[in-house]
Amino acid sequence: MDELIRRYVPGIRPQRSVKRQFEQIADAVAGRLEPMLAHEFRGLDDGEHTAVIDAVVDTFEQADLSDAEIFASNADPAQLARRIRETVRQPTWLSAAGSALYDQLVAECCDCYVQIVRHLPVFVERAVPELLRRIDRLGTDVEQVLEQLPKRSLYAPDGSDHDVEFRREYLELISRTLDEVELFSFAVEQPLRTRLSVAYVSLRVVGKNYLWFGDRRQADEQGLGGGRVEAALSRKSRILLRGEAGSGKTTLLRWLAVTAARATFTGDLAAWNGLVPVLLRLRSYATRRLPKLHELLDDAAGPLTSHLPSAWIDRQLADGQVLLLIDGVDELLPADRDKVREWINLLLNAYPRTTIVVTSRPAAAQHDWLDTADFAPIELERMTRSDLNAFIRQWHQAVGASGQRLPCEPTELPDYEHALIASVRDRPHLQALAANPLLAAMLCSLHLRRKRQLPRNRMELYQIAVDLLVQRRDAERHIPSAHHASLSLTDKVTVLRDLAWRLSDNNLNEVDLDKAEGYVTAKIASMRHLEVDPRDVLDYLLNRSGILRSPADGRIDFVHRTFQEYLAAAEAAAQDRIGNLVGRAHLDVWHDTVIMAAGHANSSQRGELIAGILDRADDDDRDGRHLRLLAASCWETIESLSGDLAHRLDETIAGLVPPHDLDEAASLVAVGEPLLRYLPKNLDGIPEMSALTTVRTAALIGGPASLRLLGSYATDHRKEIKQELISTWDYYDPTEYAEEVLANFPAQPGLDLWLWRPRQWAPIVRLGNLRSLIVEFPSSIGTLAADGVPAVPMLSLFRLTGINDVAALAVSREPGHLRELVLSTSDHQAVLSGLDALGACTGLRVLQLVGWQSLPQVSAATLPTQLDSLALEPVPLGYNLTGLVDHELSHLGLSGSAAPAALTTAGRALRLERLTLADCDLTDELPALTALLPRLRSLELSAVSLPDDLTPLGDLPLLETISLNDCARVDGSPVRLASIPQPGADRELTVTIDRATATTGTMVSQGRIRFYRP
């Protein structure tokens, strides 16, 4: 110690002072130890005392007493002593009393040492950085702890730690449980279940004004046109989807739920990937209140709701992550439907970012039913022939893949498939019969089951279906349970009829098992010839008939509502409840039941039903037209009427033509081909809306007679009528329609066609009245030209693939007839060649080559000398336009980063009056370009980067119009309008700026510059 003091403490007096302080510390320690030695350690001899002291000295010589160790023990004597005992070998040769004294001395020494260190001036200097380091580390530790704690908020009162885990579990459940659909089939051992990915068929829809449009792109932009349901759903986040019974509404919602759960949407619905599907079946709430938010998952994912994180669904809704699918507005009573509408409005007011699809039959929800919530109504169309063919193919594929016993060899299935497709083609009434997926599935199954014998109408189809499902399906396979109930087919159908009537009479779609048992018991008791246990009967009908099912524990319903309506109608006729039906005829939920009751009824009942409905219509101003339409719809199922009543019904139908809207057209179509004689022979003098619904009605009826009628309508000059006629093409054989209808369009102004399917090309090749033709399906020039090239002034071939030799177009009957040609591809591997053959197209004025990665070089020998407009999109790097100098082009369109450089290769030889540039940078190129174009009058720029200073535009002496679309400066800042120079005194300059182009400066016209923003 003396040596340390002499080395580190300068001066004699300070050294003496420090020595005295250590002596005082030693005295203090001795004062604390002496009483302890005198009493607690008095038994120790002097030798062990010395040994203990030596051991303490050795311990401190070996111990780490650095600053780091002091800080590690938090400058706490007790912690320092503990760390010393843990790191230094302890003396094992001491007695118990000696060891105790050793521990006491170490503790006292550590206390003294720490006190000394803490009072040294350098301690604070060294401790502050350590303290700051610890505070910094403490902050990091606190952040980590906070991250692990539940993050509480208004929408997450208990945190959201388990949201991702629950979401994954929920989506997996939806993917498993809903990805299964039962295909209607009589032919297999068990109900045929297959995955939606196999069974789903995309259907057609029509938009909010219930019209078809020939110009699909324009229709899509306006949100009005028809098309595939996926495209229609993508246009808006709120959709009211209407469709008749069996049209596929529920299957579509299940497919949407499964696809959303797997995030496998493509095309139009790709933006829906990431949404959480919630399927709400309203029939489950027919006898109970609608769900609260925390109960939304009870219907589709009940087993998981026991550990649903608090407010999980609220958070998904608030983030706009929910795809809410509400099925079956029509399955509720009218009063309850209003509650559903109010429930939807409240939910969307609270969570406006929710994507929602609501389904209903048309009669239960008019197209404006959800207008106040800004829903877009669309309607599922009846299947076209191509839709039906696709359904037939997929149905047979699913049956073949089921692995179950079939009434034919599996290798024969393709023959049945082709035979049914041919039957549908050759027998128009079959296409009319299979108007929706349910009926189409029945038709497929009966065709297979009955060895290609098919029913004549819908009533016969339902009768055969019930017969097979209730009795023959098991009895013919000798299933024991088919005989256990000891009921004949008539007995079983009688019980089912009674059950269907009781449900319909009480406005129910499903019923408690106990109540259903009571109904069956009462019915069996009235059938005196039976001695069976009603529970056995109900159990058989539920488990073996294929007509009933259990949608939930303790609940029973019919496998499809159509069967309930068919059987309820049969019961009404059997029990002579015609008056009851007449009294309910104005209610939409009874619409189909009344129509089918007309088919079940005997002659006198039929007369009573039709006359009663018409009498009510005469006395009811509000529902009169609706009742007349219902009476007319009964023609679908009745075979005959008495003379006076038939005449009265004919007069009623004549008064309903033309229909006011699509719903009325659908009702009148039920009359069938006889309705065609009531439709006008031409559309002269008929208002546009009535003319459009007339065309629609004739198209939906189908058949040769309707084709001839539509052909007579083709002479109408109104644009909307033409578009409607073009769109009905899908419902007929393409060749027949082209010959009977399209060929009748006037040659002036000509026919504008948009082709979406390959089978449409060949029929139009020989048409002589085409004005423009746009091909939107993938193909190649060679493939198309193999069937011939039509004589059309304007031809646009989009989505070209493979190798495309333009020379094939020169084989057209009249190559000089071609005025405008667009050749476009999105296939990076597609090849274009043979441009020099365009010289044969002597009338060609406009040429657009779009999307070609290896764009052929244009030259004087390549292009017709009469060419006036050329567009190249995009221009490849190093592309040379010197070949254009010998052409009197007035318009040139270029796109891509290489466009400015390519333009400069032509020098001042180009005599362009219009220039279109897109997707390029003119920041440095604008002065050079303006110097090359002395005759330019119009400049259109799209997605172009512009310089800060637009003064070079003043170098264009004839410039009259500038159009800026989605333009900006190179750094993304607004375009400086003030830098556009004033034109010469002899002209004005009009600058059109779209809303995607931000600008600085005033938009007020100044001098001879007129600014315009559409």
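Let's start with strand β20, which spans residues 869–873 and is mostly covered, with four of its five residues buried. Keep in mind that this is a predicted model.

**Strands around β20**

- On one side of the pairing story is strand β19, residues 846–850, which pairs with β20 in the parallel sense over five bridges.
- To find that pairing on screen, look for Val846, whose bridge partner in β20 is Ser869.
- β20 also pairs with strand β21, residues 891–895, again in the parallel sense, this time over four bridges.

**Helices α29 and α30**

- Two packed helices are described by the angle between their axes and the distance between the axes.
- Helix α29 covers residues 624–633 and helix α30 covers residues 643–656; they pack at an angle of about 120 degrees, with their axes 10 Å apart.
- Because of that angle, α29 counts as oblique to α30.
- The crossing of α29 and α30 is left-handed.
- On the α29 side, Arg625, Arg628, Leu629, Ala631 and Ala632 make the contact, and they meet Leu649, Thr652, Ile653, Gly655 and Leu656 of α30.
- Sorted by type, the residues in this contact between α29 and α30 come out as six nonpolar, two polar and two charged.

Notes
Residues are numbered from 1 along each chain as its sequence is written. This is a predicted model: local features need pLDDT of at least 70, side-chain atom pairs count only at pLDDT 80 or more; totals for chains, interfaces and linings use all residues. Side-chain values use heavy atoms; hydrogens and water are left out. Buried means under 20% relative accessible area, exposed over 50%, partly exposed in between (1.4 Å probe, protein chains only). Helices (H or I, at least four residues) and strands (E, at least two) are DSSP runs, numbered from the N terminus. Two strands pair if DSSP finds at least two bridges between them. Axes are lines fitted to C-alpha atoms, for helices over the stretch in contact, and angles run from 0 to 180 degrees between N-to-C directions. Angles under 35 degrees count as roughly parallel, over 145 as roughly antiparallel, 65 to 115 as roughly perpendicular and the rest as oblique. A crossing is left-handed if the near helix is turned anticlockwise from the far one by less than a right angle, and right-handed if clockwise. Contact means heavy atoms within 4.5 Å. Ala, Val, Leu, Ile, Met, Phe, Trp, Tyr, Cys and Pro count as nonpolar, Asp, Glu, Lys and Arg as charged, and the others, Gly among them, as polar.
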